[in-house]
Every structure is written in structure tokens, then in C-alpha cells.
Amino acid sequence: MELAMAAEELKTVVNRLRRAQGQIAGVIRMIEEGRDCEDVVTQLAAASRALDRAGFAIIATGLQHCLTDGDMADSGDREQMRARLEKLFLSLA
């Protein structure tokens, strides 16, 4: 499955990934500075959520494109695509 996304969808995903990148950099700084464990874990959880949301957005977009793709008429192709998408969703769980 190719990553074919509209410019606006891609912008949203990239923004989420950049947010996670900043949060991860913040976690590294916090650890290096010896900050409170609770603060570090809270920031790490926020980064994890941002990554998950980016992943789900990519998968949802792929699913949308698959459902609207006329080439998916063969039920075997549909079943194969369903299995691939299920595997992707589970990889984020």
C-alpha cells in the first residue's frame, strides 16, 4: 500500500510528527537535567500519543483510499487489504 495522501492530510501528519519530535527532545533534556520522574513520564506519554495519532491518521487515509479505489473489486484483494490494514492497526495497539 503506497502512502498517497492529499497535501492537507500530509501536512497534519507531519505536524503531529514534528510535535512528537519536539516532545521527545524535551524528554531527553529532562532526563539529562535530572528532572522529576513524573514530569518525564507525562511528557513521554504525550509524545507517544502524538506518534499514535500520526500512525492512525496514515492508516485511516490508506483505508479511505482503498475503499474508494475501483481496483479493489476482487474479494481476494479486499480480504488481503483488510488483513494488511488490521495488522497495521494492531501494530499501534
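This is a predicted model: local features need pLDDT of at least 70, side-chain atom pairs count only at pLDDT 80 or more; totals for chains, interfaces and linings use all residues.
Glu-33 is exposed, with a relative accessible area of 55%.

**Stop 1: the salt bridge.** A search of the whole structure turns up one salt bridge. Arg-35 is partly exposed, at 42% relative accessibility, whereas Glu-33 is exposed.

**Stop 2: the whole chain.** Now zoom out and switch to a cartoon view. The protein chain has three helices and zero strands, so along the sequence the pattern reads α-α-α. Colour by accessibility next: 23% of the 93 residues count as buried. If you draw the surface, its accessible area comes to about 6700 Å², and carbon and sulfur atoms account for 56% of that. Among contacts between residues at least 6 apart in sequence, 70% join residues at least 24 apart.

**Stop 3: a nonpolar patch.** Keep the surface on and select Leu-17, Ile-24, Ile-28 and Leu-51. Together they form a nonpolar patch on the surface, with about 310 Å² of accessible area. Helix H1 (residues 7-32) gives the largest share of the patch, three residues. Leu-17 is found in this helix. Why does Leu-17 count as partly exposed? Its relative accessible area is 38%, which lies between the 20% limit for buried and the 50% limit for exposed.

**Stop 4: Gln-23.** Stay on helix H1 and pick Gln-23, which is found there as well. Is Gln-23 buried or exposed? Gln-23 is buried, because its relative accessible area of 15% falls under the 20% cut-off.

**Stop 5: Phe-89.** Finish on helix H3 (residues 75-92), where you will find Phe-89. Which residues does Phe-89 touch, not counting those up to four places away in sequence? Select Phe-56 and Ile-59 to see them. Then draw a C-alpha to C-alpha distance from Phe-89 to Gly-55: the two are 8.5 Å apart in space and 34 residues apart in sequence. Phe-89 itself counts as partly exposed, at 32% relative accessibility.

Note on methods. Residues are numbered from 1 along each chain as its sequence is written. Side-chain values use heavy atoms; hydrogens and water are left out. Patches are made of residues with over 30% relative accessible area and no salt bridge: like charges are joined within 9 Å, nonpolar side chains (Val, Leu, Ile, Met, Phe, Trp, Tyr) within 5 Å. Accessible areas come from the Shrake-Rupley method with a 1.4 Å probe; for residues, only the protein chains shown count as cover. A salt bridge is a side-chain nitrogen of Lys or Arg within 4 Å of a carboxyl oxygen of Asp or Glu. Helices (H or I, at least four residues) and strands (E, at least two) are DSSP runs, numbered from the N terminus. Buried means under 20% relative accessible area, exposed over 50%, partly exposed in between (1.4 Å probe, protein chains only). Contact means heavy atoms within 4.5 Å.
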